[in-house]
Amino acid sequence: VNKIYLNSKDAVSIIKIKRVPFEIKRAKLLWVDLRGDKHICHYNANCLPFEHNFYGIDSKETGKDKVVCSILNSSLVYFLIEVLGRRGLGGGAIRLVKIDLLNLPILKISNDKKIIKVFSKISRREVRSIFEEFGINPNKPIREQEPKPLPDRAELDKIIFSELGLTEEERKEVYWAVAELVQNRLRKAKSV
């Protein structure tokens, strides 16, 4: 599933067994284990069961799952994944394991209503490669391009960047840095 919002209609199949020899895991947010050039954290609307391809995340505060999911899908978190993530997994994949996720800083947002409004837009569409999300062509020098993020991506990032007090130049730097880090990671994998 290539969109943030996930519900039972998106499930190909669900095994319904009353007794299984393992714990059935459920969580409101599903963090994808391995990533290439797309970064996504799913909002699991129906709390569908999940297995080892995901890590389950529940917000500590009741009713904050959409806010946390929005933050986890921001370009700032894309940057943190690229800086803190584990590499060398084949095919240029990157991951944050459970201990990394537990230490991932989550920004506290001052306006939940504003970010939930953006969440309703960005969560229903297909998430594209970070290059498409940022409006950057990976076949041209990245720093010679003006980032032109998709409208809902720009709206989400504006909230996050404003909370941090980032200047326009610092905001561009986040887009450029993520694009360069992903590009380098994927190129390195192809060269091996």
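A: Here the sulfur of Cys41 has its closest cysteine sulfur in Cys69, 4.5 Å away, which is too far for a bond. Keep in mind that this is a predicted model.
Q: What cut-off are you using for a disulfide there?
A: The two cysteine sulfur atoms have to be within 2.5 Å. Cys69 is in no disulfide, because its nearest cysteine sulfur, that of Cys41, lies 4.5 Å off.
Q: And how many disulfides turn up in the whole structure?
A: Searching all of the structure gives zero disulfides.
Q: Is Cys41 buried or exposed?
A: Cys41 is buried, at a relative accessible area of 0%. Cys69 counts as buried too, with 0% relative accessibility.
Q: Thanks! Switching to helices: at what angle do H2 and H7 pack?
A: About 40°, and the axes of H2 (residues 75-84) and H7 (residues 168-191) are 9 Å apart. That angle makes H2 oblique to H7.
Q: Left-handed or right-handed crossing?
A: H2 and H7 cross in a left-handed way.
Q: Which residues make the contact?
A: From H2 there are Ser75, Tyr78, Phe79, Glu82 and Val83. H7 brings in Val174, Tyr175, Ala177, Val178, Leu181, Val182 and Arg185.
Q: Nice, and how do the residues of that contact divide into nonpolar, polar and charged?
A: The contact of H2 with H7 has nine nonpolar residues, one polar and two charged.

Terms used: Residues are numbered from 1 along each chain as its sequence is written. This is a predicted model: local features need pLDDT of at least 70, side-chain atom pairs count only at pLDDT 80 or more; totals for chains, interfaces and linings use all residues. Side-chain values use heavy atoms; hydrogens and water are left out. Buried means under 20% relative accessible area, exposed over 50%, partly exposed in between (1.4 Å probe, protein chains only). Axes are lines fitted to C-alpha atoms, for helices over the stretch in contact, and angles run from 0 to 180 degrees between N-to-C directions. Helices (H or I, at least four residues) and strands (E, at least two) are DSSP runs, numbered from the N terminus. Angles under 35 degrees count as roughly parallel, over 145 as roughly antiparallel, 65 to 115 as roughly perpendicular and the rest as oblique. A crossing is left-handed if the near helix is turned anticlockwise from the far one by less than a right angle, and right-handed if clockwise. Contact means heavy atoms within 4.5 Å. Ala, Val, Leu, Ile, Met, Phe, Trp, Tyr, Cys and Pro count as nonpolar, Asp, Glu, Lys and Arg as charged, and the others, Gly among them, as polar.
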